[in-house]
Amino acid sequence: MYPVAWSLYPYLYVDHRRLLRGGREPRKYDPTFKGPIYNRGCTDIVCCILFIICILGYVAVGILAWSQGDPRKVIYPTDSRGQFCGQAGTPLETKPLLFYFNIMKCASPMVLLEFQCPTTQMCVEKCPDKFMTLLKAYTNKEDFKYYKNFCKEGLEGLTVTQILSSGLCPAMLTPSKPFTRRCFPALDQKKGGEITVGNNSKFDDGEGNIRDAKDLVAGVKNATVVIEARQVAMKIFEDYTQSWYWILIGLVIAMLISLLFIILLRFLAGIMVWVMIVMVILVIGYGIFHCSMEYVSLKSEAGSNVTLKDLGFQTDFSVYLHIRQTWLAFIIILAIVEVVIILLLIFLRNRILIAIALIKEASRAIGYVMSALFYPLFTFALLSIVIAYWAVTAVFLSTSNQPIYKVFNETACDHSRKICEPANFSTSSMKAECPDSKCLFAFYGGETVYHKYLIGLQFYNVFLFFWCANFVTALGQMTLAGAFASYYWAFVKPDDMPAFPIFSSLGRSLRYHTGSLAFGSLILSIIQIIRLCMNFLLCCLKCCFWCLEKFIKFINRNAYIMVAIYGKNFCTSAKDAFFLLMRNMIRVAVLDKVTDFLLFLGKLLIVGLVGIFAFFFFSGRVKAFENTAPNLHYYWVPILTVVVGSYLIAHGFFSVYAMCVDTLFLCFLEDLERNDGSAERPYLMSDRLLKVLNKKNKPEPAE
């Protein structure tokens, strides 16, 4: 298959020349060209200025958000006065829990619309643990002292009727338990479906009525609908607090393995590639074996034959691991991946040899530019700053609203759900017209110009996050491209190379090509934002924009290489790179993409090794780790975190090789077009590549 492809190449080459005659012609020989051009000017200046202005605006948005926002609104529950329960340094520091005066009022359908129960809420030290009514507690000194913990101030000298009419105390207390920092009735269900609260099926509502415990269910359900999703989030957060140091250890192991692989690739490229291929097959094979063993072991377990459809969605994902169908799905997925990889390796066996030669050449280039191995750490640091700035700004923007109070009442009232001021509500006309109404905290909002444009500021924050993140990635690509291009085009290595290739290329990129970097990353960011919006619309359009995003990334990556070499603007460089690749489509498929596939197998191997170790450690399947592993709600949380983090780390290190291969590949295509192997125009590629491509340099004629 391989000889046939190359035998057809001259005809395909001519066809592409005809097809692209209106585009770029192959480059001519230039005796003055010595690699990356040092005498260059600034490119895409307009986009550079626009990027700087947007960054300054981004800083201004951050300062505005930090001055207006209050993250305490996310951390602490808020009482009816808009005060934060449990906040350190306040009178409520020792009262971290939120207590509802009448939880049954939360059964109102309005709760689902306004996300607020129409009952007084106050901060308490602990939830009530016994049944009690105000009427009975008022006549007992000790009971009334306990009851006051759940009342407002100013009870002295008031009768029960006056206390209740003023809304200073709840009419009753029910045994409750804290859940997400809120007190909810301790409901239980006995055999036969009977609902109880505090082991009682009946309770006194404080108004002389004996009610069923099941009457509390609707109120609890609606009260928890707003925060039900937080339960899983809180458990996940707790798992992170228990396992964060083990996660860091796992990520450090991934980093060390990645670094070891890169170093071994530097010296043993051919052997390491085949080792990676075999190891990936073995790791996936072990995954199939382990899933099969789990599938067989569950055969005799009660309830293991329940289908995933019947089980439905469960917040506790560990439940799925007790279902045989889950492991069967894992077996099928891993088997398909295994077969696809083996088939690709069989059909690409000849092309893999060529790709290995290109990886060996990349290893040689990295040997001359060893500092490139540590450049991903710089990229990680910049991306961490971008992510942290976006996250902090997003939190402060989302918490920069003001507390809004609304009128809540039990009887018909014209002012119901209207905005009110709690400070003067008792003397207002609203209170006079609706005597039983209350002015309670409803939600966070605002009517100022700033609050009206909060959504716009959040969108600006997201867009600048994408732009800055893509800019950082683009800077890394151009820096590495410039460094490796200086290696390829150096006639005498390393004498004709800069003393510090990475620093030299980074300086050129920032000094001359910030505009080009901003231009390319702007286009990509716009595509990503549109694709993000399309996630909520048609799947067809989402797929189209996914393809467009991949194409733009491909064009940008190669455009940055050409900018690093020739110093031209982004559009010209993108056009040159595109037509150069189009004139060599067969070679692109044979060399570049197969090499990417081999490097992807390396990432897959690292993720598989670290993932297997994380699974056995956090799941407690190995007795040696039983006492060491933390107790978790969901052990898949740290496992997924380690797996995703390991892939990102491996991708960061292997991206150096990927960028090196892409740069050398473009340089090699330029070399083939500029030179012909004669004594006057010798190829600058290595002897290894010359041999693989069946090319050779003619010796200089003897004098």
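Visitor: Hi! Where is Asp44 found?

Guide: Asp44 is in the loop between helix H1 (2–19) and helix H2 (45–68). Helices here are DSSP runs of H or I with at least four residues, strands are runs of E with at least two, and both are numbered from the N terminus. Before we go on, this is a predicted model, where local features need pLDDT of at least 70, side-chain atom pairs count only at pLDDT 80 or more, and totals for chains, interfaces and linings use all residues. Residues are numbered from 1 along each chain as its sequence is written, and side-chain values use heavy atoms, with hydrogens and water left out.

Visitor: Good to know. What is the phi of Asp44?

Guide: Asp44 has a positive phi, about 50 degrees, although it is not a glycine.

Visitor: And is Asp44 buried or exposed?

Guide: Asp44 counts as buried, at 18% relative accessibility. Buried means under 20% relative accessible area, exposed means over 50%, and partly exposed is in between, using a 1.4 Å probe and protein chains only.

Visitor: Let's zoom out. How many helices and strands does the protein chain have?

Guide: The protein chain comes to 24 helices and 12 strands. Of its 703 residues, 48% are buried. Its accessible surface is about 36000 Å², and 65% of that belongs to carbon and sulfur atoms. Those areas come from the Shrake-Rupley method with a 1.4 Å probe, and for residues only the protein chains shown count as cover.

Visitor: What about contacts between residues 24 or more positions apart?

Guide: They account for 71% of the contacts in the protein chain with a separation of 6 or more. A contact means heavy atoms within 4.5 Å.

Visitor: On to cysteines. How many disulfides are in the whole structure?

Guide: A search finds three disulfides. A disulfide is a covalent bond between the sulfur atoms of two cysteines; here a pair counts when the sulfur atoms are within 2.5 Å.

Visitor: Which cysteine does Cys85 pair with?

Guide: Cys85 is joined to Cys123, with an S to S distance of 1.9 Å. The link of Cys85 and Cys123 is left-handed, with -75 degrees about the S-S bond. This pair links distant parts of the chain, 38 residues apart: Cys85 is in the loop between helix H3 (72–75) and strand E1 (97–100), and Cys123 is in strand E2 (residues 121–124). Both Cys85 and Cys123 are buried.

Visitor: And Cys127?

Guide: Cys127 forms a disulfide with Cys183, S to S 2.1 Å. That link of Cys127 and Cys183 is left-handed too, at -85 degrees about the S-S bond. Cys127 sits in the loop between E2 and strand E3 (132–133), while Cys183 is in strand E6 (residues 182–185), 56 residues apart. Cys127 and Cys183 are buried.

Visitor: What is the handedness of the disulfide of Cys151 and Cys169?

Guide: The disulfide of Cys151 and Cys169 is right-handed, because the torsion about the S-S bond is about 125 degrees. Cys151 lies in the loop between helix H6 (141–147) and helix H7 (160–166), and Cys169 in the loop between H7 and strand E4 (172–173), so the pair ties together parts that are 18 residues apart in sequence. The S to S distance of Cys151 and Cys169 is 2.0 Å. Cys151 is buried at 7% relative accessible area, and Cys169 is buried at 4%.

Visitor: Now helices. How do H2 and H19 cross?

Guide: The axes of H2 and helix H19 (residues 514–534) come within 7 Å and cross at roughly 75 degrees. Axes are lines fitted to C-alpha atoms, for helices over the stretch in contact, and angles run from 0 to 180 degrees between N-to-C directions. H2 and H19 are therefore roughly perpendicular to each other. Angles under 35 degrees count as roughly parallel, over 145 as roughly antiparallel, 65 to 115 as roughly perpendicular and the rest as oblique.

Visitor: Which residues meet there, in H2 and H19?

Guide: Cys47, Cys48 and Phe51 in H2 meet Thr514, Gly515, Ala518, Phe519 and Leu522 in H19.
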